[in-house]
Amino acid sequence: MAHINEPAKKLRIAGKYDVLVCGGGPAGIGAALSAARNGAKTLLVEQSGFLGGMGTGALVPTFAPSAMSGAPLIKGIHAEILALLGIGDGSNDTWPPLDPEKTKYAVDRLMKTAGVEILFFTRISGVIKTGRRLEHIIVENKSGRQALKAKYFIDCTGDADVAAMSGASFKKGDRKGAMQPASNCFTVAGIDDEKFEAIRKKDNSHDLKLSDIMRSDEGKAILPIIPSGEYRFLLETKFEKGYWGFNFGHIFNVDGTDAKDLSAAAQKGREIANNFIAYARKKFPGFKNAFLVSVGQALGIRETRIIEGEYTLTVADYIKRTKFPDSIAVYDYPIDMHQTDKSLKAFNKSHKAFTQDFLLSPGEYYSIPFRALIPKGKDNLLAAGRSISCDRQVQAATRVMPLCVATGEAAGLAAAMAVKKGNRFRDTDTKLLREKLIKQSARVD
Ligand SMILES: Cc1cc2nc3c(=O)[nH]c(=O)nc-3n(C[C@H](O)[C@H](O)[C@H](O)COP(=O)(O)OP(=O)(O)OC[C@H]3O[C@@H](n4cnc5c(N)ncnc54)[C@H](O)[C@@H]3O)c2cc1C
């Protein structure tokens, strides 16, 4: 491949902060609020014009439960967001609906009250470091290319962009490099709720009557996307009268850190959504007058880089329900590994893993050690959210939004504590961190 050298140039240092949170998805929201509320001068940098990440930008229509059985295991800031939205507490396998616009606005208000400074429409494109310390991030926005300085950084980009730019080690995909498929979620309005509800099974959203209807049309011209096997996954959520969110279909072989893959997949996603609505208007009860409102402007990416941390959470830990002394969050969401190929066999295997093989019994949970947030060899950088250090299989459990908010919350607090003491993250007083998290009403045991 041809290369060209970019001439070096002086960059303006556009701001200096205690804590710089990179990315404003669920993890970034938790991190920024927690850091600012604990006294740190905090900046959150986000490439889009709103917060919420996959939830709002990719239109993922529902928060995972706060606990699969019993009272919420994920509390703290996540519970606060659910309460503000008035959508239930996510206990006992309930899936709170994530209306994108209401969520964006609710989170804006939380940020304002906490005093978090936000830089939207700003993409992080590089870092400047000395040895094991990150000194600046380089950003690009309408004001040009600039540097931002901070004492501590939290990578909440989902893709571990900042960790990767800093030279931290990471894994990506299975032995062949394959990753879970992407989905491009979308919203639909004009649905006759009563007719639609009547055909949905209440108890198992992954085995819907709707999929059966589609299966019966396999290979027929009415559903042109069927032969590719991309239709099999379907999860829908009602926001309000006639207005629903759909997490439908799979787009395979997408590397969410590859611009060409993302571009092709975005077009594929729109094709799937438009095919779906055309089909649904003819075949699904209640859809006669339904219309597509929006397709996620960000692609729904389940898996990319996973950092190599001071500790890597393993499937063995998940199975043993290991309780770590430096646990900063607990959860019982099962391994939700979407298949990497289109075959029905692969779909059934992943469906069975989610609904049977890896389920925890009521009252059981696994824990997340703080060390899984510390990229190896870095002094002042943490990662939170879907890129924390774990096996691929375990990441398929830890990647859901409630736990991303919780790891963000712990990271933000750890950073605010470090600002006061000047310590490396590896030297964090995790006993104190846990005590303070409990005071913030998070659950750590
Ligand atoms: C199709 C799909 C369905 C899902 N279903 C559910 C579900 O039902 N319930 C559930 O709880 N979870 C679900 N998940 C998982 C969940 O949505 C994500 O794993 C979670 O949002 C990850 O949170 P995060 O904060 O780590 O990253 P993200 O949500 O990806 O947020 C990262 C943020 O960083 C920003 N960013 C990235 N790179 C840069 C950069 N270089 N510069 C500046 N900003 C940057 C992005 O714009 C984004 O706002 C689903 C995921 C997908 C893809």
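## Arginine 37

Let's start with arginine 37, which sits in helix H1. In this predicted model, arginine 37 has 20 C-beta neighbours inside 10 Å. The cut-off for buried is 20 or more, so arginine 37 counts as buried.

What about contacts along the chain? Arginine 37 and valine 116 are 79 residues apart in sequence, yet their C-alpha atoms are separated by 8.7 Å.

## Around the ligand

The ligand is surrounded by 39 residues, and the closest of them are Gly23, Gly25, Gly53, Gly158 and Gly385. Two or more residues of this shell come from each of helix H1 (26-37), helix H2 (54-57), strand S4 (123-130) and helix H12 (401-421).

How do the residues of the shell divide into nonpolar, polar and charged? There are 16 nonpolar and 16 polar residues, plus seven charged ones.

## Two domains

The protein chain splits into domain 1 (12-175 + 303-439) and domain 2 (186-295). Their C-alpha centres lie 28 Å apart.

Where the two meet, 17 residues of domain 1 are in contact with 19 residues of domain 2. On the domain 1 side, helix H10 (residues 344-357) supplies the largest share, with three residues.

## Helices H3 and H12

Which residues make the contact? From H3 they are Gly76, Ile77 and His78, while H12 brings Pro402, Val405, Ala406 and Glu409. By type, the contact of H3 with H12 has four nonpolar residues, two polar and one charged.

## Two positive phi angles

Most residues other than glycine have a negative phi. Alanine 160 is not a glycine, but its phi is positive, about 55°. You'll find alanine 160 in the loop between strand S6 (144-155) and helix H5 (161-165).

Serine 441, again not a glycine, has a positive phi of about 65°. Serine 441 belongs to the segment after helix H13 (430-439).

Buried or exposed: where do alanine 160 and serine 441 fall? Alanine 160 is buried, because 30 other C-beta atoms lie within 10 Å. Serine 441 is exposed, with 11 other C-beta atoms within 10 Å.

Technical notes: Residues are numbered from 1 along each chain as its sequence is written. This is a predicted model: local features need pLDDT of at least 70, side-chain atom pairs count only at pLDDT 80 or more; totals for chains, interfaces and linings use all residues. A residue is near a molecule or strand if its C-beta atom, placed from the backbone, lies within 6 Å of it. Helices (H or I, at least four residues) and strands (E, at least two) are DSSP runs, numbered from the N terminus. Ala, Val, Leu, Ile, Met, Phe, Trp, Tyr, Cys and Pro count as nonpolar, Asp, Glu, Lys and Arg as charged, and the others, Gly among them, as polar. A residue is buried if 20 or more other C-beta atoms lie within 10 Å of its own, exposed if 12 or fewer, and partly exposed in between; C-beta atoms are placed from the backbone. Domain bounds come from an automatic or database domain assignment. Two residues are in contact if their C-beta atoms, placed from the backbone, lie within 7 Å.
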